[in-house]
Amino acid sequence: MATGFTSLVLEMFKKCAGRSGCEVCREHMEEDCLFFPEMYRLHDLSQETGTPLADMDLASLVDLCTLCGLCPCQDIRMLVLKAKAAWAEENLPPLSTRLLSDARQAGRWGTAFSTVLNPLNRLKPVTTMVKKTLDIHPERSLPAFPEESFFVWAKKRD
């Protein structure tokens with residue numbers, strides 16, 4: 001069964017390279033674009049071998065489009081944009097990555113709850129569980145959070 005991402009990319013193939021595809025961009029975009037030559041290469045390969053394309057090939061293809069707006073077909077631009085969004089939605093990074101990648105937000109929450117988090121941070125079973133859950137190396141130390149933000153601290157000291 002095709003996912004939302006896969007069905008969007010296959011719709012692009014139909015519009016551009018399928019039986020009813022216009023194929024204008026096969027030569028027209030050859031020098032200006034990385035996306036179309038690769039799309040036609042993958043389409044031709046799939047037709048020759050009779051095998052469906054792998055999701056990773058389709059993801060690599062969609063990743064080649066920079067949304068520069070040079071392609072003459074508005075539908076394709078919209079499909080690429082929707083496919084990029086669908087890929088991101090279907091392939092969310094793990095929760096640990098999302099939590100740890102936004103240092104500013106983690107700091108805000110850590111500071112807001114520092115009176116609870118800092119004492120818990122001193123308990124080995126708690127830190128072991130947190131490290132395991134967030135995929136942090138067991139030998140890393142978890143930071144202590146300040147009780148007030150830098151801006152509050154600086155304002156107090158002019």
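Is Ala59 buried or exposed? Ala59 counts as buried, at 13% relative accessibility, where buried means under 20% relative accessible area, exposed means over 50%, and partly exposed lies in between, all with a 1.4 Å probe and protein chains only. The structure is a predicted model, in which local features need pLDDT of at least 70 and side-chain atom pairs count only at pLDDT 80 or more, while totals for chains, interfaces and linings use all residues. Residues are numbered from 1 along each chain as its sequence is written, and side-chain values use heavy atoms, with hydrogens and water left out.

Ala59 lies in helix α4, helices being DSSP runs of H or I with at least four residues, and strands runs of E with at least two, numbered from the N terminus. Not counting residues up to four places away in sequence, Ala59 touches Phe5 and Trp87, a contact being heavy atoms within 4.5 Å. Ala59 and Trp87 are 28 residues apart along the chain, and their C-alpha atoms are separated by 7.4 Å.

Helix α5 has 17 residues, which at 1.5 Å a residue should span 24 Å, and the end C-alpha atoms of α5 are 24 Å apart, in agreement with that value; the expected span is 1.5 Å times one less than the number of residues. The buried residues of α5 are Ile76, Leu79, Val80, Ala83 and Ala86. Seen down the axis of α5, these buried residues fall within an arc of 130 degrees, so they line one face of the helix, the arc being that of the directions from the helix axis to the C-beta atoms. The cover over the buried residues of α5 includes α1, α3 (35-49) and α4 (55-64).

## Salt bridges

The whole structure contains five salt bridges, each defined as a side-chain nitrogen of Lys or Arg within 4 Å of a carboxyl oxygen of Asp or Glu.

| Pair | N to O distance |
|---|---|
| Lys15 and Asp75 | 3.5 Å |
| Glu23 and Arg26 | 2.8 Å |
| Glu148 and Lys156 | 2.7 Å |

The salt bridge between Lys15 and Asp75 links distant parts of the chain, with Lys15 in helix α1 (residues 4-16) and Asp75 in helix α5 (residues 74-90), 60 residues apart. Lys15 is partly exposed, with a relative accessible area of 34%, and Asp75 is partly exposed as well, with a relative accessible area of 41%. Glu23 is partly exposed at 27%, and Arg26 counts as partly exposed at 21% relative accessibility; together with Asp44, Glu23 and Arg26 are linked in a network of salt bridges.

Which residues make the nonpolar surface patch of about 540 Å²? The patch is made by Trp109, Phe113, Val116, Leu117, Leu120 and Leu123, under a rule that takes residues with over 30% relative accessible area and no salt bridge, joining like charges within 9 Å and nonpolar side chains (Val, Leu, Ile, Met, Phe, Trp, Tyr) within 5 Å. The areas come from the Shrake-Rupley method with a 1.4 Å probe, and for residues only the protein chains shown count as cover. Helix α8 (residues 114-121) contributes the largest share of the patch, three residues, while Trp109 is placed in helix α7 (residues 103-112).

Ser114 also lies in helix α8, but Ser114 is buried, with a relative accessible area of 3%. Leaving aside neighbours within four places in sequence, Ser114 is in contact with Pro119, Phe145, Pro146 and Glu147.

## Loop residues with positive phi

Leu67 lies in the loop between α4 and α5, and has a phi near 55 degrees, a positive value in a residue other than glycine. Leu67 counts as partly exposed, at 39% relative accessibility. Asp135 lies in the loop between α9 (124-133) and α10 (150-156), and its phi is near 60 degrees, again a positive value in a residue other than glycine. Asp135 counts as exposed, at 68% relative accessibility. Asp135 and Glu38 are 97 residues apart in sequence, and 37 Å apart in space from C-alpha to C-alpha.
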